[in-house]
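Open the model in your viewer and keep the selection tool ready. The stops below go in order.

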Amino acid sequence: IGAGLAMFIVPRVPQDVKTMTSEQLRAIPTRGEGKHQVTVFMDTSCPHCRDHQRELFPALRDAAEKKQVRLGYQVVNILDGASLAGSRLAACARVEGIGEAEIQEALYELALRWDTLLQASSSASVAPVSAPASTSTAQAAAPGKLRFDQVRDLGVQGFKDSAQQDKLRACIDKPSAAAQAQVKASNDLFMNLKLPGVPMMFLDGQMWDKDYPTLLKLIASGK
């Protein structure tokens, strides 16, 4: 476990946060097998979500590969216009039939590369580019943030096939009805559960409010 993992502040569960139903759990795409299901709610524009990805995802990925856990990510867009590119990335990839393991790896790569691109963007004197006209949140990036098109291009780089990248880029700019439905479903689930923010993690439908090393030990034990 990474040295920084134990230092994560795990949120207390607000009284009005709901438990996920078995139907909601089954609807979430997952990778891996196992007795337990871990569900992570995240927004790609959220710095704490990216920290969460960098620190915790490798351990959860290993557990999924060892068939100790079913791991699912719900990518919501609640922070800014650029986060819509991240939620569409996951939705479009699922509509294209890309495996959940590959999608999660791409989201991890996005988190790893984000700050490097942000630093490069901050030092470059480039005119801002807005999101596509079809996006209701078409805005230039605020200082310290990435633009919609930057998140889109950075996200598709996580997929190795160039033809696949082209399809995903086109879908993110102009999503199909199926992709739009997936984005809406993720956001609706986040709102219906009354989550106070991101990242938020659930174990078997219950919001996890203990430390993350304890979670990993529980998963590995098979109890």
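Select Cys92 and Cys171: a disulfide joins them, S to S 2.1 Å (a disulfide is a pair of cysteine sulfur atoms within 2.5 Å). The pair links distant parts of the chain, with Cys92 in helix 3 (residues 81-95) and Cys171 in helix 6 (residues 162-173), 79 residues apart. Helices here are DSSP runs of H or I, at least four residues, and strands are runs of E, at least two, numbered from the N terminus. The torsion about the S-S bond is about -80°, so this disulfide is left-handed. The count by this rule is 1 disulfide.

This is a predicted model: local features need pLDDT of at least 70, side-chain atom pairs count only at pLDDT 80 or more, and totals for chains, interfaces and linings use all residues. Residues are numbered from 1 along each chain as its sequence is written, and side-chain values use heavy atoms, leaving out hydrogens and water.

Now colour by accessibility. Cys92 is buried at 0% relative accessible area, and Cys171 is buried at 10%. Buried means under 20% relative accessible area (1.4 Å probe, protein chains only).

Next, select Arg31. Where does Arg31 sit? Its place is the loop between helix 1 and strand 1 (36-42). Arg31 counts as buried because its relative accessibility is 9%. Show side chains: that of Arg31 makes a polar contact with that of Glu105, 3.3 Å. A polar contact is a pair of N or O atoms within 3.5 Å; within protein, one must be able to donate a hydrogen and the other to accept it, and residues adjacent in sequence count only if both atoms are side-chain atoms.

Notes
Buried < 20%, exposed > 50% of the residue type's maximum accessible area, 1.4 Å probe, protein only.
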